[in-house]
Amino acid sequence: MDNLPTLLMIAWLLPLASFAVICIGYSVPQLLGLRVRYSTQKIASYIAVGAIVFGFLISAYCLFGIWLPEHPLAASSHHGEEQPDELAGQASPFRPTAFAEEHSEEGHKHATNGPPLYQAGDWYTLARFGSLKLTIGYYIDTLTIAMFCMVTLIASCIHIYAVGYMHDELHDVTDHEVTLSNGEHLHRRGRFQRFFQYFSLFSFSMLGICISGNLAMTFVFWELVGICSYFLIGFYIERHSASTAANKAFIVNRVGDFGMIIGLMALWSTLGTFSFGDVDKADGTKERGMFSMLHEQSNGYELAPTQRMIDFDASRQSEGSEPTNGQWLLFVAGVGIFCGCMGKSAQFPLHTWLPDAMEGPTPVSALVHSATMVAAGVFLVGRVYPIFTPEALLVIAVIGCITLFLAATIAITAVDIKRVLAYSTVSQLGFMMLALGLGGWVAGLFHLITHAFFKSLLFLCSGSVIHAVHSNDMRQMGGLRHKMPITAYTMLIGCLAIAGIGIPFVLGFSGFHSKDVIVEQAIHFGQTNGGYSWLFVVVPLAGALMTSFYMFRLWYMTFAGKPRDHHRYNHAHESPWVMAGPLVLLAVFAIGVGWTLPMQMPGVLSRLGVENLLDTARPVGQLGNKHGVLLPNLVIPDEHASHVAAVKIPAGWSAILVAVAGIAGATVVYLWEVISAASLRRYLNLLYHATWNKWWFDELYDFVFVRPTLAISRFIAFALDRGLIDSILHSFAWIYRGLAAVVAIVGDRWLIDNSVDTVAEKTWDLGLTLRSVQTGQLRQYVMFIVVCTIALFIVATLWWRFAVAG
Amino acid sequence: MMPLFANILTEPVGVAHYLVVGAVLFVCGALCMATKRNAIGVLLGIELVLNGANLNFIAFGSRYLRDSQGTIGLDGQLMSLFVIVLAAAEAAVALAIALNFYNSFSSIDVDQADQLQG
Amino acid sequence: MSDPIYWPSFFFLLFAGIACAFAIAVVVSSNIVRMAFYLVMSLAATAGLFFVAGADFVGSMQVLIYVGGTLVLLVFGVMLTSQDRFISMKTSRFELGMAAGVGACLFLLLLFAAWSVPEWRSLSREQVDAIALEPTATPLGMALLGARVDAPESPDVAGYLLVFEIISVHLLVVLVGAAYLARAKRKGSAIAE
């Protein structure tokens, strides 16, 4: 147990080492003008692949070799609250023993839970400014380890895949999408090593977010992830579309980060710490973290603002208004941090950067869309979950709901194979946020992990297709399953997984299991709150219907039917094994990662499953219904209570029904072509145009933000400067002239001569006197400094003697 | 003042003694800056001033010169290390400026660098 | 004089004498080449003072960087710019007198400050002898890398990793800037190529 932080640190730092080696070994010589031979560039990819694969092995060892034997899942029942009496006596000092008696026998009435098992500590103190301590620390719980395994495994697959995919960069490249001013295409050196250099940095940053022990460190790696995505999206920097897309991703993320900084400030100024968990100090006491401050044990682990928050709030409140007891502050902090997550995870209104990010090479899209960048936002929401008030959770749920619906509608009409997947990612992220916002902590993160597997699979498959036909446009594909069977059938698995196909209550693809718990949570939320809250059930179901529809539309258009472009079809070929291998591996995980092994399995395998794993990481104070304070009618339901039959049965059937209906619809339209897509397009003309133009979000932002900014600057430059300021100055001049005339005629000549002129003269004289001080002579300046030092010292001494000391 | 010098050869020295030496270096440096017309001479003065300050840092950080409760410990030595490094950097930049000055005025008399006079 | 000579004090006096004498010589001399030489001697003697105060690493750095590096740079400056008329440039007597007066004031002030604090007087001989000799290079190096092995567990001291990094970047920028400033100006013909 003790070496767990060290091992994870190694897994975390390995990609950094690989980055450093490639940077020093290849990029620096290249900067210095040396030509690095392509045969040696190949070694760079082996270094990066080796680092990440080794990182995965270490992470897997940490999970199966250290963590699970120490805290076996078999000991905990599905209802996590029954485990503590076993675990309380064990290694973890954090588990409160008193908690064991609290749980009641009835399934529904839970006392809320204590903190999960975790290890927290600081590796290094970077700096200390007053009470602000900037540390590099760790906070390791089951979620951290699960994320480590997921990120390193998927990144390994994508790294290996990229060795094949980026093969073009191993010789000089002629970029046909860039036309120079002389009409020729851009001819440049390949940049194989640079790609892997950024990839390593990217993995390092993401792992840093996962292991980070405090919000300040999270923020650092958060920005690092942002800059890496900027580098990678703009990998083909000479293409105008790529560089603007990189800029867009970076700038849109800054908008969200602004909110995040507000959240950080609100938290720090009232809690005085950034660290998540309690950290052991050298003298044996504990330095308390945010979570335990907000969820006092004496308070039964319920979320409650600290005294400082209440005082702060009271000091800002006007007389007579209802006291909010710091709830508003907590709400602002939560929503602020969620703003950052909104940017990273591409939630409505900041979702526009993600589809543009398709300009990067496909492995980048796969990494960004599954394991790293967008996962970071959802992960952070899951990590800081204890600080969210029910009202903040409602905001998250609403945003997630809007996102999943909008993105799904856009995906239906997109024809670029990668853009369909991009909007599908946005939509699935909306599902996760919705689940988290409705109180389904496990549901949201479970979907994050299953989605990471099948979405990376889908992206790599699409990359394989693009590699084969050299086009992104699905209208130029078709029938490709004869040419590239491995890609076609692994992608089919991915589509089935994302659609959520399975046999209800028995077994299914991974997406089936995770989507099921989300729908369960939504239905439970609807049952608890009633009224409009059923929208949170209807919209995700509609989203799921559209998901299966557009995914199978994609598959049919690409792989089924007749080839539409024979030239491209004839040149298509199956990808080499270095690309197909990861596809098969990821397909296996896309099928099985949602499964839970039965109780009877031996050792650590007993009851092993992502859902059970995550259940042991449930943050403090998340069991039991949570009631809103600002909105008294709001109830965030208990997640465990969502697994009862009254919820489970309608959820399971409705989820599978919409999935099958979506597939059926796609089959009717795109495979059998009973109804032609063109006629549908005509019937739903307005809707079609809205989705085809992505609900005009880009145009809207261009109109609302970009153009006004440009217009304002233009306005300031011309209208304001010329028109306003100049005219003000002119009018002042005119008024002064008038006044002067009045004064000259009416005013007292003598007074003017003797006051104004004297002042002017004295100022002039003073200026002349002071001017001689500015001699420009360096040596005289030195003398001034010395003399003034002496004078200051004497004054200070005298003042001390007579004024202060008495 | 006398008791400090009376038995200086038979008793250990204290922080105050170092401060005196530091003061001498500092004042010499300041005077150098104030009287030399040669730009390089001014530079030499700066080096002396920095050394005077350095000596004080070392004295305050030394365990041999006063009670170890009162010393600033290793921080003093670290500070003086940083001062040494920055002095090296400063010398490089100042020399570059001096050379530039020499190139444009064919002289390194700082009295000629008075374009900024009022 | 019952006590034998205390040798560290003797060396302190020796080095202090050399340092002060050469520092004064720097001020008094008007020949730039000699001034540079005197400064070398003064700084070397200061390094000796560092050794006496127990700062062995800083002392050796003083010799290496200052005496060995910075001053060589200065001497180069002297050589590059010295023409006969610049070797010695006279300052007016009035200015010299002014400077001497002000300098004396400053010196008295510093002297007063140094003597005024009783805690800054010396320890007794027994106390100093009881202090074990410790090399400082390792703790200094560790402190620069961020670990304070000299004061473990103390909450108030922090490592200097951040400072170290900032200074490294600063040095780099300074050197680039110096190279840029000092480089020979390209003539028009060079641009035309």
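How much area is buried between chain C and chain B, and what share of it do carbon and sulfur atoms give? I looked this up in a predicted model, where local features need pLDDT of at least 70 and side-chain atom pairs count only at pLDDT 80 or more, while totals for chains, interfaces and linings use all residues. Residues are numbered from 1 along each chain as its sequence is written, and chains are lettered from A in the order in which they are written.

Entry one, the interface. I found about 7,700 Å² buried between chain C and chain B, with 76% of that given by carbon and sulfur atoms; buried area is the accessible area (1.4 Å probe) that two parts lose on being put together, summed over both.

Entry two, pairs across it. I looked for salt bridges (a side-chain nitrogen of Lys or Arg within 4 Å of a carboxyl oxygen of Asp or Glu), and the rule finds zero between chain C and chain B.

I noted four helices and zero strands in chain B, helices being DSSP runs (H or I) of at least four residues and strands (E) of at least two. Of its 118 residues, 64% are buried, meaning under 20% relative accessible area with a 1.4 Å probe, protein chains only.

Terms used: Heavy atoms only, no water. Buried < 20%, exposed > 50% of the residue type's maximum accessible area, 1.4 Å probe, protein only.
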